[in-house]
Amino acid sequence: MGKYVVKRILSMIPLLFVISVVIFMFIHLIPGDPARQIAGADATIGEVQAIREELGLTKPLVTQYVEWVGGFLTGDMGVSYTNNTTVIELLTPRLPITIYLTICSITWSALLGIIIGVVAAINRGKALDLIGMVIAIAGISLPNFWLGLQLMQIFSVNMGIFPTGGVETWQGYILPSLAMGAGIMSILARVTRSSMIENLGKDYIRTSRAKGLPESKVIMRHAFKNSSIDVITVTALQIGALIAGSVVVETVFSIPGMGRLLVDSIGYRDYEVVQALILFFSLEYMVINLLADVLYGVINPRVRYE
Amino acid sequence: MADTKQAAAAVSGEELPKAQSPVKQFVKKFLRRKTAVIGLLFIIFILIIAVIGPHITPYDPNEYDYGAILAGPSAKHIWGTDEFGRDVFSRIVAGTQLSLGTALTASVLGTAVGVVLGLIAGFFGGLVDSFIMRVCDVMFAFPGILLAIAIVAIIGPGITNIMIGVAVFTVPSFARIIRGAVLEVRGELYVEVAQSIGCKPMRTMFVHIFPGTMQALIVNFTMNVGGAILSASSLSFLGFGASVTQAEWGAILSQGRNYLAIAPHLVLFPGLVIFLTVLAFNLFGDGLRDTLDPKLN
């Protein structure tokens, strides 16, 4: 097992390197002079030059890259021009909010999605299946920003149950995580259903029924345990959509998290913050996928020996 | 293999010999799925609106009416008016062209590039394959629409740039799907025969292998259009897209958000239209997949 984990981590390194180069090149791909864009149209040539030097744009590319990555590793991710603080100071209070929001969303959506999927599969072709699948396809088709705004309209503006924005209290997390998780809940319901239907048709299910196991055990211990491999894989892939979803939903609910910071920073052309955030989001996604792979190896021993 | 031929025929509209007419079989199977048929009808309806929309609006979508600012739905303005008194229904109808056009163009562009890359990777294999797949890995490392957001951040806001962003975001998934389909087809006898009678690689690739990937292509393309509408409207909502004056679904909604408490119809209707359109594409795509996939029958 340990060998498998180490192998998996080592295989990430080249990808990590390429991605850091791509994101590093970001600031050089911006049409025109980024220093001029940061300084604004009415800045003097001297001011633009000062910013250029501050950004290190006058040094050779390789030096710039090494300094940037080195800085990232040691916690010096650059400076935000609009906020007059370092990037790390901007990220520190925002990170826990986004992580908490993501955990809330994935928890409810995975639980409900799996339950809907299992119930639909057991009742294949019946009313419960139909209801479950209608919910699922609707959930996939819903724009999360619109869902968020409608929830806000109903529960905050009209009924006054939840705050319209911000996360000062725990109630503030409820509507955003509902809006963020709906899509994943639906995808998981569909995946769980089709995987369960496939597994329920296998020979070992007939065997376990024939030897007199109670139906609940047949479903949970035998069919679902095998389906859980598909479910975990899809959940890990969907975390990416969730991270991107936080960008939209945090904007809808005015939540001071990482996603909203990204949107604001793009608007202000605060490129060092944008760079740091995109690298951060990609890293987060890769780590989650790594964890999923490890979990996959725990559940399915065959994977470890490939 | 019959299903692949069916799919190819369904797309090119070719009539195959009457004896088995796979097209008819396909149509018959498809028509049995009512939700998919409803989806298809709605797609046709919305495509017609996209073409003739700007000519049939009850009001000029950009006409200001300061006597009816932020008015709710009424007999005069069935979906109400916005902060300048513009008729929301007219703006949504007129904006169908831009919204749907953006998503469709992005999907077609991204799919085309993805298909060519997938064909090359799957057909030639080796170093070319590894290189293309590693590039895709890098693109996949950006979670969700973050790649599209990053691209728009680099090239700047605007509806064309959203289109580019969403198109690039589409490329890697199609490259992978088509590569997988090519690997399945490549081992078939008829491909070997084509090569042995001296078909050039390009001809083998496009004439013999490509039709074999059609099934995967059609289903995933249909599903992708729905996703592209969502991605493009999300980017538009975040303020990276159409300017305030342009009638576009995501932009109308984004503007309307500021008046949620006093004029909820500004958010309700454009969102509902986006939702129904995406739903239609997903229902149609589901139906296509179930009809084309022999494993499920």
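How many salt bridges are counted between chain B and chain A? The count is 1 salt bridge, and its partners are the side chains of A:R190 and B:D286. The model is predicted.

**Chain B**

- Chain B has 12 helices and 0 strands.
- Read from the N terminus, the order of elements in chain B is α-α-α-α-α-α-α-α-α-α-α-α.
- Along the principal axes, the C-alpha atoms of chain B fill a box of roughly 75 × 50 × 30 Å.

**The contact between chain B and chain A**

- Chain A gives 41 residues to the contact, and chain B gives 37 residues.
- The size of an interface is often stated as the accessible area that is lost when the parts come together.
- Here the area buried between chain B and chain A is about 3,300 Å².
- Carbon and sulfur atoms give 80% of that buried area.
- Between the two chains, 5 residue pairs are in polar contact, with both residues at pLDDT 80 or more.
- On the side of chain B that touches chain A, the elements giving two or more residues are α5 (126–140), α6 (146–155), α10 (214–237) and α12 (265–292) of chain B.
- Of these, α12(B) supplies the largest share, 12 residues.
- Sorted by class, this side of chain B holds 28 nonpolar, 5 polar and 4 charged residues.

**The salt bridge between the chains**

- Over all chains, the count comes to 11 salt bridges.
- Between chain B and chain A, the count is 1.
- In that pair, the closest N and O atoms of B:D286 and A:R190 are 2.8 Å apart.
- The pair crosses between chains: B:D286 sits in helix α12 of chain B, and A:R190 sits in helix α8 (residues 174–200) of chain A.

**The cavity**

- Across the whole structure, a search finds 1 cavity of 30 Å³ or more.
- The largest cavity holds about 40 Å³ of space.
- Its lining consists of B:S99, B:A103, B:I229, B:A232, B:S233, B:E248 and B:W249.
- The elements that give two or more residues to this lining are α4 (88–124) and α10 of chain B.
- Helix α10(B) gives the most to the lining, with 3 residues.
- By class, the lining residues divide into 4 nonpolar, 2 polar and 1 charged.

Conventions: Residues numbered from 1 in each chain as written. Chains lettered and ligands numbered in written order. Predicted model: local features only at pLDDT ≥ 70, side-chain atom pairs only at ≥ 80, totals over all residues. Heavy atoms only, no water. Contact = heavy atoms within 4.5 Å. Buried area = accessible area lost by both parts, 1.4 Å probe. Salt bridge = Lys/Arg side-chain N within 4 Å of Asp/Glu carboxyl O. Polar contact = N/O pair within 3.5 Å; in protein donor to acceptor, adjacent residues only side chain to side chain. Helix = DSSP H or I, 4+ residues; strand = E, 2+ residues; numbered from the N terminus. Nonpolar A, V, L, I, M, F, W, Y, C, P; charged D, E, K, R; others polar. 1 Å grid on protein atoms, 1.4 Å probe; cavity = no way out; pocket = protein on both sides within 12 Å on 5 of 7 lines; lining within 4 Å. Points joined across faces, edges and corners; volume = space filled by probe spheres on them.
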